[in-house]
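Please look over the sequence and structure below. A short briefing follows, grouped by topic.

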Amino acid sequence: MADLLVKPDGTHGKVHDITPDSAGWGYVGFGLYRLKPGDEASEITGDREVILVLVEGKAKLSANGEDFGKMGDRMDVFEKTPPHCLYVPNGSDWSAEATTDCTLAVCTAPGKGGHKAQRLGPEGITLTPRGKGANTRHINNVAMEDRDVADSLLVTEVFTPQGNWSSYPPHRHDEDNYPDMTYLEETYYHRLNPVQGYGIQRVFTEDGSLDETMAVSNHDVVLVPKGHHPCGAPYGYEMYYLNVMAGPLRKWRFNNHPDHNWIYERDA
């Protein structure tokens with residue numbers, strides 16, 4: 001199994017390049033570009049669909065021969081405004097030219113040719129609270145199953161206030177057993193505010209065959225091949241993460257950990 005905590009490769013250019021081969025799984029890919037004004041990035045999609053997320057900054061984007069112009073208006077991810085996003089189908093390509101300092105996430109999964117290149121945000125994305133008390137977090141649903149905008153990809157942003165927990169109670173989605181559960185691989189791209197902060201993420205199975213607890217820093221990525229995967233933000237530091245999920249079925253069905261499901265039942 002690949003190491004679950006992936007550190008960025010530098011601070012400029014393509015700093016993450018996670019593929020199914022490097023992760024040791026079958027569906028999810030995640031790339032991240034950190035660009036300066038005038039920097040360019042481009043990729044051919046091959047057999048994979050792509051959702052580009054302008055985490056922060058502005059860039060001129062084109063996809064599948066179509067010019068989408070300048071996109072982006074969130075200069076700091078912790079502004080929490082809806083992100084500008086672009087869907088790119090398999091069998092095509094995309095390019096970006098940064099017009100400001102820019103952080104561009106590249107979310108990928110197997111494509112089926114079912115959707116055309118199109119903007120996915122900020123229109124149609126609304127910051128929504130979830131949870132109660134110290135389990136409160138705020139969600140920007142970029143491409144969850146209620147939006148028929150992708151063949152395989154499920155993508156969402158989560159903002160966790162200081163001192164709170166997220167992806168909690170612990171839950172898993174590692175069995176292809178719809179409608180009870182769907183098999184979904186997942187990546188977490190983490191940001192912290194202030195940047196010198198850290199967060200905690202645990203990835204563990206109920207039988208104990210996998211149990212890793214990681215301190216995550218700004219721009220780290222955590223791989224979730226299976227098991228439960230809660231994370232927490234220490235007092236003084238708020239946490240952002242961008243989730244990418246994909247599997248054989250584009251639906252999000254999960255089971256809470258049986259020891260901790262009482263929290264969900266109490267708060268429901």
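A polar contact is a pair of N or O atoms within 3.5 Å; within protein, one must be able to donate a hydrogen and the other to accept it, and residues adjacent in sequence count only if both atoms are side-chain atoms. By that rule, the side chains of Ser62 and Ser95 make a polar contact at 2.5 Å. This is a predicted model: local features need pLDDT of at least 70, side-chain atom pairs count only at pLDDT 80 or more, and totals for chains, interfaces and linings use all residues. Residues are numbered from 1 along each chain as its sequence is written, and side-chain values use heavy atoms, with hydrogens and water left out.

**Ser62**

- Ser62 sits in strand β6, residues 59–63; strands (E, at least two residues) and helices (H or I, at least four) are DSSP runs numbered from the N terminus.
- Ser62 has a relative accessible area of 23%, so it is partly exposed (buried is under 20%, exposed over 50%, partly exposed in between; 1.4 Å probe, protein chains only).
- Beyond four places in sequence, Ser62 is in contact (heavy atoms within 4.5 Å) with Asp67, Phe68, Asp93, Trp94 and Ser95.

**Largest pocket**

- A pocket is found on a 1 Å grid over the protein atoms alone: it is an open set of points where a 1.4 Å probe fits, with protein on both sides within 12 Å along at least five of seven lines.
- The largest pocket holds about 460 Å³ of space; grid points are joined across faces, edges and corners, and the volume is the space filled by probe spheres set on the points.
- Its lining has 28 residues, and Arg130, Arg137, Tyr168, Trp252 and Phe254 lie nearest the centre; lining residues have an atom within 4 Å of a point.
- At least two lining residues come from each of β13 (137–143), β14 (154–160), β17 (185–193), β22 (238–246) and α2 (261–267).
- The lining comprises 13 nonpolar, 10 polar and 5 charged residues (Ala, Val, Leu, Ile, Met, Phe, Trp, Tyr, Cys and Pro are nonpolar; Asp, Glu, Lys and Arg are charged; the others, Gly among them, are polar).

**His173**

- His173 lies in the loop between β16 (171–172) and β17.
- His173 counts as buried because its relative accessibility is 2%.
- The side chain of His173 makes a 3.0 Å polar contact with that of Glu186.
- A polar atom of the His173 side chain also lies 2.9 Å from the backbone oxygen of Leu184.
- Residues that His173 touches include Trp252 and Phe254.

**Aromatic pairs**

- The structure holds 9 aromatic pairs (rings of Phe, Tyr and Trp, its six-membered ring, with centres within 6.5 Å; planes under 30 degrees apart are stacked, over 60 edge-to-face, the rest tilted).
- The Tyr189 and Tyr240 rings have centres 6.5 Å apart and planes at 80°, so this pair is edge-to-face.
- Tyr189 in strand β17 and Tyr240 in strand β22 are 51 residues apart, so the pair links distant parts of the chain.
- Tyr189 and Tyr240 are both buried.
- Ring pairs join Phe30, Phe78, Phe159, Tyr189 and Tyr240 in a cluster.

**Backbone geometry**

- Most residues other than glycine have a negative phi, and most peptide bonds are trans.
- Gly121 and Pro122 are joined by a cis peptide bond, with omega about 15°.
- The bond from Tyr168 to Pro169 is cis too, with omega near 0°.
- Asn64 has a positive phi, near 55°, and is found in the loop between β6 and β7 (66–71).
- His219 has a positive phi, near 75°, and counts as buried at 6% relative accessibility.
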